[in-house]
Amino acid sequence: MLLYFAGSMIMYEPSEECVVDFWRNGILKKLPVSSSNPNFIKASSQLRESCADQRLCGAELREDYNRLFSKDTFPLAPAFETLYPDCRQLSSVSTFAEVSEFYTSYGWQSKLKGKIPDDHLGMELLFLTTMVEKYTVMDDPACRIEMRREIRRYLDNHILSWVPSWNDKMQIYSHTLCYKAIGTLIYACSQDIYGILLKQ
């Protein structure tokens, strides 16, 4: 749920309904999730403290979203893997093709195909949650081992390779505590998933 929430906040301009659901109704304060990861602790604390003035929160989030991600301006923290080639030491063309091939190899095609590029962090998080969901229902031990490897490989190649640099931009350029927290939350959840699968 956290990755769905975070992914939607970077893919779409936040709606008033989002603010009502997550802040005014207190969903973020009731999340039954914990972690010993300092990044996660920081992000969850920031999220709970964000949107202090809920009358202004929606407008502030939309303004921050547009500054950070909007195509209409020069985005300050664009959420596309291909824009962080120094993190991968690959050309942006091969990176984009590589992430698309990862999706294809699992027969996954998002409903957003053609609307949002495959290398957008929101798409990458959707695919990650799909892989994790498949892993949790697998019964066969050999299949579970292979899926653990694949999720870790995906995280290594397509999220943890560039999200730290993206999160640095989020911390510098976000005006709202919410978007600072979302950047750190995505990084922390990815680290936690990787760590859990490494131990199993």
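At 5% relative accessibility, F102 is buried in this predicted model, where buried denotes under 20% relative accessible area, exposed over 50% and partly exposed in between (1.4 Å probe, protein chains only). F102 pairs with Y106 in a stacked arrangement, with 6.1 Å centre to centre and 10 degrees between the planes. Y106, at 24% relative accessible area, is partly exposed. Y103 and W108 form an edge-to-face pair, at 4.8 Å and 70 degrees, and both residues are buried. Rings of Phe, Tyr and Trp (its six-membered ring) are taken to pair if their centres lie within 6.5 Å, with planes under 30 degrees apart counted as stacked, over 60 as edge-to-face and the rest as tilted. Ring pairs join F102, Y103, Y106, W108, F127 and Y154 into a cluster.

Y154 also belongs to the buried residues of helix 8, among them M147, I151 and L155. Helices are DSSP runs (H or I, at least four residues), numbered from the N terminus.

P78, in the loop between helix 4 (54–69) and helix 5 (85–88), is buried at 12% relative accessible area. Beyond its neighbours within four places in sequence, P78 is in contact (heavy atoms within 4.5 Å) with L68, L83, Y84 and W166.

Local features of the predicted model require pLDDT of at least 70, and side-chain atom pairs 80 or more, whereas totals for chains, interfaces and linings use all residues. Residues are numbered from 1 along each chain as its sequence is written, and side-chain values use heavy atoms, leaving out hydrogens and water.

Terms used. Helices (H or I, at least four residues) and strands (E, at least two) are DSSP runs, numbered from the N terminus.
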